[in-house]
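Me: Please look at the structure below. Some questions and answers about it follow.

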Amino acid sequence: VQLQASGGGLVQAGGSLRLSCTASESAFRNYALGWFRQAPGKGREFVSAITWYSRTSYSDSVKGRFTVSRDNTKKTVYLRMDNLKPEDTAVYYCAADETVSRLVASATFWGRGTLVTVSS
């Protein structure tokens with residue numbers, strides 16, 4: 001499975017962005033999908049995940065502000081980001097694996113990152 005993320009950009013604090021990640025294969029619909037991010041000078045951290053049956057989970061830092069969703073017909077997972085903060089600035093990566101547990105532990109498939117910059 002190849003993943004292609006898009007939708008990053010520059011936004012002011014309090015603004016919104018929607019990231020998209022499209023998979024190359026229809027088998028995507030059977031995978032758990034997730035978003036991770038890496039801020040400058042920091043390690044990569046979990047942001048959100050969605051199971052194949054659309055159960056969602058979020059890190060505490062984004063809960064209530066970010067929404068993950070998927071459209072299996074388009075082989076795409078989305079991350080809607082609202083009320084963005086400067087500390088959300090990072091390169092965002094999408095990932096896929098058979099389960100959320102495996103995804104969080106060490107995802108098998110990764111997309112190239114997309115940069116999100118939030119100005120204060």
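Me: How many helices and strands does the secondary structure of the chain come to?
Reply: This is a predicted model, in which local features need pLDDT of at least 70, side-chain atom pairs count only at pLDDT 80 or more, and totals for chains, interfaces and linings use all residues. Residues are numbered from 1 along each chain as its sequence is written, and side-chain values use heavy atoms, leaving out hydrogens and water. Helices (H or I, at least four residues) and strands (E, at least two) are DSSP runs, numbered from the N terminus. The elements run β-β-β-β-β-β-β-β-β-α-β-β from the N terminus on, and the chain comes to 1 helix and 11 strands.

Me: Which residues form a disulfide?
Reply: A disulfide is a pair of cysteine sulfur atoms within 2.5 Å, and the structure holds 1. The pair links distant parts of the chain, strand β3 (residues 17-23) and strand β9 (residues 90-97), 73 residues apart. The sulfur atoms are 2.0 Å apart, and the residues are C21 and C94.

Me: Is S48 buried or exposed?
Reply: S48 lies in strand β5 (residues 44-50). Buried means under 20% relative accessible area, exposed over 50%, and partly exposed in between (1.4 Å probe, protein chains only). Because its relative accessibility is 0%, S48 counts as buried.

Me: Which residue has a backbone oxygen that the side chain of S48 reaches?
Reply: A polar contact is a pair of N or O atoms within 3.5 Å; within protein, one must be able to donate a hydrogen and the other to accept it, and residues adjacent in sequence count only if both atoms are side-chain atoms. The side chain of S48 reaches this oxygen at 3.0 Å, and the residue is S57.
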